Amino acid sequence: MANTAPSIDRTVELRCVGDWGQANFHRILSWLTQEFCDRAGPGSRTNILSLRDGGLDSPRQVHSGEADLGICTPAGLLAAAADGKEIFEATGPLPGLRCLAVLPQRDRMMFAVRSSLGVRSFAEICERKLPLRIAVSSDDGTNFIGYVSAQILQAHGLDEDTLRSWGGVWVRACRPEQVIALVENGQADAVMQEAIMTPWWRDLIESRTLVPIPVEDGPMGKLLPRVGFDKAYVAANFWSTVREEIACVDFSNFLVLVRADMPDDVAYLLTWCLVETRATIEAQYKHIPPERSPLSYPLDPVKMPRSSVPLHPASERFYCERGFLT
């Protein structure tokens, strides 16, 4: 089949849900919606909504029809949406969600403590009953980061009640950089957070302010059977001061979500734009080494349909026609 750009003659309006406003989802949506409107009918327009909280409102709005398209992470946890499990107990099942593409981001959920405390494991922290002030994203029912963080800490014996009994506390914020700032300004002694590719993490680890703490087999044995808690690793020498790989929890990949009843021509054109104009978004990150980039590149069209949420039928047709999905 000739790789001819599809188009839509009629006017189309799309309501999209991004992130807090200055992060990767907005950048991705700005690229995608411009490419889409270039190939849609006169008067076509889009808007991109910013969220205040932790992201659950995005798939909820898409599923309810309040929005047409949203981006969410991590991909593994999104698999729980269809059955209303894990954080999606707050919304109930969202069986109408469909995916257009998986956009790669190699991320991890990492725990780290001040090196001055002289501990190297969760077990040692628990044995010493350290009264840590742990910086976390709020587990407020909307925040994917806060939810995963809370489950990991609880599994390792650092739930808030136990920590409080030792004289410690969870110190809360919403966004990753806000949580990291709690360590930087001295309000926290430890942190559980994602976005490990950022300069915030690098500076704290490579200055030896923080030391990463690996997850442990016993607690992970309880988490692994659940949706969205796959074990992963930060590679040795990812930070210059850490010579060994560090076991942690996977927090990777962005899903571009729509409803199952999105018109086929709209879903097909959006998928075409995601795949065939991907060099445009890749160029916006190429000043960063790929292993440090908040959007990993190059985007691989063979991997883009490998979603934890079912593909929209028109999107699946596109990938099959191009030979990216068999």
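Since the model is predicted, local features need pLDDT of at least 70 and side-chain atom pairs count only at pLDDT 80 or more, while totals for chains, interfaces and linings use all residues. Residues are numbered from 1 along each chain as its sequence is written, and side-chain values use heavy atoms, with hydrogens and water left out.

Let's start with the sheet. Five strands, in the order 2-1-3-12-4, make up an open sheet with mixed pairing. Helices and strands here are DSSP runs numbered from the N terminus (H or I, at least four residues, for a helix; E, at least two, for a strand). Two strands pair if DSSP finds at least two bridges between them. As background, strands of a sheet pair through backbone hydrogen bonds, either parallel or antiparallel. At the edges sit strand 2 and strand 4 (97-103), each of which pairs on one side only. From one strand to the next, the twist averages 25°; axes are lines fitted to C-alpha atoms, for helices over the stretch in contact, and angles run from 0 to 180 degrees between N-to-C directions.

Now for the pairs themselves. Strand 1 (residues 13-17) and strand 2 (residues 45-49) run parallel and are joined by 5 bridges, with R15 opposite N47 in strand 2. Between these two strands the chain passes through helix 1 (residues 24-37), and this β-α-β crossover is right-handed (with the strands pointing away from the viewer, the path from the first strand over the helix to the second runs clockwise). Strand 1 also runs parallel to strand 3 (residues 69-72), through 2 bridges, and here V17 stands opposite G70. G70 also faces L257 in strand 12, in a pairing of strand 3 with strand 12 that is antiparallel and has 3 bridges. On to strand 4, which is antiparallel to strand 12 and joined to it by 6 bridges; V102 stands opposite L255 there.

Strand 12 is mostly covered, with 5 of its 6 residues buried. Buried means under 20% relative accessible area, exposed means over 50%, and partly exposed is in between (1.4 Å probe, protein chains only). V258 lies in this strand (residues 254-259) and counts as buried because its relative accessibility is 0%. Leaving aside neighbours within four places in sequence, V258 is in contact with residues including V62, D68, L69, L100 and H312 (contact means heavy atoms within 4.5 Å). The C-alpha atoms of V258 and Q61 are 9.8 Å apart, though 197 residues separate the two along the chain. In the loop between strand 12 and helix 10 comes P263, which is partly exposed because its relative accessible area is 42%.

What about the nonpolar cores? A nonpolar core is a set of buried Ala, Val, Leu, Ile, Met, Phe, Trp, Tyr and Cys residues joined through side-chain atoms within 4.5 Å. The largest one has 92 residues, and L103, F111 and I134 touch the most other members. Helix 10 (residues 264-276) gives the most to this core, namely 9 residues. Not counting residues up to four places away in sequence, F111 touches F122, L132, I134 and M192, among others. A second, separate core has 22 residues, including I180, V191, I205 and W239.

Helix 7 (residues 176-184) has its own pattern: P176, V179, I180, L182 and V183 are buried. These residues lie on the same side of helix 7 because they cover an arc of only 145° around the axis, the arc being that of the directions from the helix axis to the C-beta atoms. After helix 7 comes G186, with a positive phi near 85°.

Most residues other than glycine have a negative phi, and most peptide bonds are trans. Even so, a cis peptide bond joins T73 and P74, with omega about 5°, and P74 sits in the loop between strand 3 and helix 3 (75-78). Y297 and P298 are also joined by a cis peptide bond, with omega about 0°. K129, which is not a glycine, has a positive phi near 50°; K129 lies in the loop between helix 4 (122-128) and strand 6 (133-137). N237 has a positive phi of about 70° without being a glycine, and N237 counts as partly exposed because its relative accessibility is 44%.
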